[in-house]
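Hi,

Here is the structure I promised to pass on. Have a look at it first, and then read on for what turned up.

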Amino acid sequence: MINFLKKSIAKIWAKNHVAKTEDFKNNAEVLQEKLLLDLVKKSEKTLFGLQHNFSEIKSVEDFQKNVKISDYEDLKPFIEKVKQQTTNLIYKKNNKKALEK
């Protein structure tokens with residue numbers, strides 16, 4: 001009886017997992033754009049967000065226009081401030097806690 005319950009629960013879980021995976025696969029572009037815009041919205045008031053006009057970003061194209069591809073040297077001032085435990089630079093979170101993880 002217990003094995004039957006375990007198998008039934010496993011089948012239900014697997015069916016749900018496959019459905020979610022299919023949804024992610026079939027809607028990857030839309031879901032990634034939503035994630036990007038959610039992160040941009042949360043970061044509007046950070047130093048990086050203010051310098052890159054995050055409050056005006058409403059699409060991937062807007063993001064690409066406002067945030068150019070950067071290398072380490074471009075981001076070095078932000079990295080140094082994170083080392084000094086300054087908060088709200090790149091993502092609105094206590095960066096010290098993020099670095100400890």
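Phe48, Phe54, Phe63 and Phe78 form one aromatic cluster. Keep in mind that this is a predicted model, so every value below is computed from predicted atoms.

Back to the rings: the structure has 3 aromatic pairs. In one of them, the ring centres of Phe48 and Phe54 are 5.9 Å apart and the planes sit at 80°; anything over 60 degrees counts as edge-to-face, so that is what this pair is. Phe54 also pairs with Phe63, this time in a tilted arrangement, with 6.4 Å from centre to centre and 45° between the planes.

Phe63 has 21%, so it is partly exposed.

Leaving out neighbours within four places in sequence, Phe54 touches Val40, Ser43, Glu44, Phe48, Gly49, Phe63 and Val67. Phe54 also belongs to the largest nonpolar core, which has 6 residues: Val40, Phe48, Phe54, Ile57, Val67 and Phe78. As background, nonpolar side chains in soluble globular proteins tend to be buried together.

Now for two loops. Thr46 is in the loop between α2 (28–42) and α3 (47–51), and with a relative accessible area of 0% it is buried. The Thr46 side chain reaches the backbone nitrogen of Gly49 at 3.0 Å. In the loop between α3 and α4 you will find Asn53. Asn53 is not a glycine, and yet its phi is positive, about 55°. Asn53 is partly exposed, with a relative accessible area of 33%.

Helix α5 (residues 72–83) is another story. It has 12 residues, but its end C-alpha atoms are only 14 Å apart, short of the 16 Å that a straight helix would reach. After α5 comes Gln85, whose phi is positive, near 70°.

Last, how far can you trust the model? The mean pLDDT of the chain is 86, and 84% of its residues reach 70 or more. Confidence is highest in helix α4 (residues 60–66), at a mean of 97, and lowest in helix α6 (residues 95–100), at 47. Over residues 95–101 the pLDDT is below 50, and this stretch has 8 contacts in the model beyond near neighbours in sequence. Where pLDDT is low, the predicted coordinates should not be read in detail.

Cheers

How values were computed. Residues are numbered from 1 along each chain as its sequence is written. Side-chain values use heavy atoms; hydrogens and water are left out. Rings of Phe, Tyr and Trp (its six-membered ring) pair if their centres lie within 6.5 Å; planes under 30 degrees apart count as stacked, over 60 as edge-to-face and the rest as tilted. Buried means under 20% relative accessible area, exposed over 50%, partly exposed in between (1.4 Å probe, protein chains only). Helices (H or I, at least four residues) and strands (E, at least two) are DSSP runs, numbered from the N terminus. A polar contact is a pair of N or O atoms within 3.5 Å; within protein, one must be able to donate a hydrogen and the other to accept it, and residues adjacent in sequence count only if both atoms are side-chain atoms. A nonpolar core is a set of buried Ala, Val, Leu, Ile, Met, Phe, Trp, Tyr and Cys residues joined through side-chain atoms within 4.5 Å. Contact means heavy atoms within 4.5 Å. The expected span of a helix is 1.5 Å times one less than its number of residues. pLDDT is the predictor's confidence in each residue, from 0 to 100.
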